[in-house]
Amino acid sequence: MPEKGRQQSAPRLAILNGTIESVAPEVKELTRTEIIELMEHIFSLPEVQRAVHHMAITHISKINREKEMKADGTIPLYSRPNETQ
């Protein structure tokens, strides 16, 4: 992996690891191999696959809405921190 990509992915991986450990503290004791096996099992579950698909579609829709707003000159309310929704 190029150095820049590695520098960008390290903080993301740390955040993901912390998130997983906060939701399921038991994983702190697992080896890397055990965590991979667990993730493979979890992500093979139909309910989880549907949830991941739903979140991906929601994310893409949000990004597209933001692009449309920028294209027409508007600024999304949530990007103006001093204003409330």
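Residues are numbered from 1 along each chain as its sequence is written. In this predicted model, local features need pLDDT of at least 70, side-chain atom pairs count only at pLDDT 80 or more, totals for chains, interfaces and linings use all residues, and side-chain values use heavy atoms, leaving out hydrogens and water.

**Exercise 1.** Find which helix has the lowest confidence and which the highest.

*Solution.* Start with pLDDT, the predictor's confidence in each residue, from 0 to 100. The chain has a mean of 84, with 78% of its residues at 70 or more. Next, go by element (helices are DSSP runs of H or I, at least four residues, numbered from the N terminus). Confidence is lowest in helix 1 (residues 3-23), at a mean of 85, and highest in helix 2 (residues 32-44), at 95.

**Exercise 2.** Decide whether Val27 is buried or exposed, and list its contacts.

*Solution.* First, locate Val27: the loop between helix 1 and helix 2 holds this residue. Second, Val27 is buried because its relative accessibility is 7% (buried means under 20% relative accessible area, exposed over 50%, with a 1.4 Å probe and protein chains only). Third, leaving aside neighbours within four places in sequence, Val27 contacts Ile20, Glu21, Ile35 and Leu38 (contact means heavy atoms within 4.5 Å).

**Exercise 3.** Work out how the residues lining the largest pocket divide by nonpolar, polar and charged.

*Solution.* Among the lining residues are Thr19, Phe43 and Glu47 (a pocket is an open set of points on a 1 Å grid where a 1.4 Å probe fits, with protein on both sides within 12 Å along at least five of seven lines; lining residues have an atom within 4 Å of a point). Now classify them: 10 are nonpolar, 1 is polar and 1 is charged (Ala, Val, Leu, Ile, Met, Phe, Trp, Tyr, Cys and Pro count as nonpolar, Asp, Glu, Lys and Arg as charged, the others as polar). Finally, helix 3 gives the largest share of the lining, 5 residues.

Conventions:
Helix = DSSP H or I, 4+ residues; strand = E, 2+ residues; numbered from the N terminus.
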